[in-house]
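Dear colleague,

I am passing on the structure below, together with notes on what was found in it. Please read them alongside the coordinates.

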Amino acid sequence: MFDQHTKSLLPDAELSRRQFVLTSLAAGFALAAQPISAQTIVTDTAGLTTQEVSIPAADIAFPAYLARPEKGTRFPVVIVIQEIFGVHEHIKDICRRLAKVGYLALAPELFARQGDVSKLETIGDIISKVVSKVPDAQVLSDLTTCVAYAAKTGYGDIKRLAVTGFCWGGRMTWLFAAHEPRVKAAAAWYGSLVANPRNNPDFKPDPLRPTFPIDIAPTLRTPVLGLYGGKDQGIPLETVEQMRTALAKGRSGSNIIVYPDAPHGFHADYRPSYRQAEAQAAWKAMLAWFKQHGAA
């Protein structure tokens with residue numbers, strides 16, 4: 001069952017529905033991500049152990065993708081938080097890339113209770129039918145469960161724990177870094193920072209998503225590296241500056257890098273938004289950040 005806080009955030013209809021539980025990960029790419037770019041990166045599994053796993057929570061067992069080096073034990077752990085498209089092939093490939101450099105990477109399907117976004121054909125449907133129904137409290141609880149699972153595999157060293165996420169997962173990366181004290185370092189890729197970035201006068205707070213990164217910035221203790229695009233149409237640069245100001249009030253040592261010519265989703269090599277130079281520079285910066293802060 002849900003904990004009381006999560007339960008209080010869910011409409012009664014959602015609690016009673018409970019008809020769909022995702023039990024396996026999508027094959028390939030989400031339908032809404034089509035067509036797939038020819039420049040998509042494919043990381044092989046040579047020297048790796050990769051598998052779909054089932055992670056037991058209080059109410060369900062949700063699927064996740066795990067990748068780690070084939071030889072050795074006690075690898076540093078990275079929890080990889082998905083985009084709105086779920087744990088599809090791109091997120092799995094990111095796990096393999098991290099495993100190639102020595103990490104145990106674990107990407108949980110965080111929409112498992114609400115629906116299978118891989119079968120939905122538009123971003124609008126993904127947001128309205130699934131993502132809008134996912135409570136932050138549920139996500140944070142599942143991510144904490146993933147940390148425990150990584151430790152129980154016998155291969156993960158959660159004393160060297162990092163987290164990274166993209167878009168929807170970028171926002172959750174900031175929040176999880178504030179929520180879970182065992183996280184040594186985090187990297188948030190173009191996640192929204194404020195609840196109302198365009199100052200829409202008709203904006204109404206969402207009870208399922210009550211907190212945004214700017215709210216936790218002054219009290220944040222974990223060093224987070226924000227990776228943002230200067231031409232991101234959904235995350236205005238003024239909100240990035242607001243976040244920097246809020247971070248300066250605390251002592252986390254967090255930093256934000258803005259790539260001036262990069263759009264939203266500049267790391268997503270399977271989409272037209274991909275910018276190779278910026279993506280490679282940001283990936284290198286992320287790995288260096290993890291190493292600098294004891295998560296390598």
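In what order do the eight strands of the open sheet run, and with what pairing? The order is β1-β2-β4-β3-β5-β6-β7-β8, and the pairing is mixed; two strands count as paired if DSSP finds at least two bridges between them. β1 (48-56) and β8 stand at the edges with a single partner strand each, so one side of each is left without a neighbour in the sheet. Neighbouring strands of this sheet are turned by 20° against each other on average, direction ignored. Helices (H or I, at least four residues) and strands (E, at least two) are DSSP runs, numbered from the N terminus.

Before going further, please note that this is a predicted model, in which local features need pLDDT of at least 70 and side-chain atom pairs count only at pLDDT 80 or more, while totals for chains, interfaces and linings use all residues. Residues are numbered from 1 along each chain as its sequence is written, and side-chain values use heavy atoms, with hydrogens and water left out. The mean pLDDT (the predictor's confidence in each residue, from 0 to 100) is 93 for the protein, and 93% of its residues reach 70 or more. Over residues 1-18, however, pLDDT stays under 50, and the model has 30 contacts (heavy atoms within 4.5 Å) beyond four places in sequence for that stretch.

Within the sheet, β7 is mostly covered, since six of its six residues are buried, where buried means under 20% relative accessible area, exposed over 50% and partly exposed in between (1.4 Å probe, protein chains only). Val224, Gly226 and Tyr228 point one way from β7, whereas Leu225, Leu227 and Gly229 point the other way. β7 runs parallel to β6, to which four bridges join it, with Ala187 opposite Leu225 and Trp189 partnered by Leu227. Five bridges join β7 to β8, again in parallel, and here Tyr228 stands opposite Val258. Helix α8 (residues 237-248) lies across β7 and β8 and runs at about 160° to β8 (axes are lines fitted to C-alpha atoms, for helices over the stretch in contact, and angles run from 0 to 180 degrees between N-to-C directions).

Turning to the helices, ten of the twelve residues of α3 are buried, so α3 is largely enclosed by the rest of the structure. Its buried residues, among them His90, Asp93 and Arg97, pack against β1, β2 (61-69), β3, β4 (104-108), β5 and α9. Just after α3, Gly102 takes a positive phi of about 105°.

The buried residues of α9 are Glu278, Ala279, Ala282, Trp283, Ala285, Met286, Trp289 and Phe290. They cover an arc of only 165° around the axis, which puts them on the same side of α9; the arc is that of the directions from the helix axis to the C-beta atoms. On the other side of α9, Ala277, Lys284, Lys291 and Gln292 are exposed. The buried residues of α9 pack against β3 (75-81), α3 (89-100), β5 (156-166), β6 (183-189), β7 (224-229) and β8 (255-259). Gly294, which follows α9, has a positive phi near 80°.

Finally, Lys133 is found in the loop between α4 (123-129) and α5 (136-152), and it is partly exposed, with a relative accessible area of 27%.

With best regards
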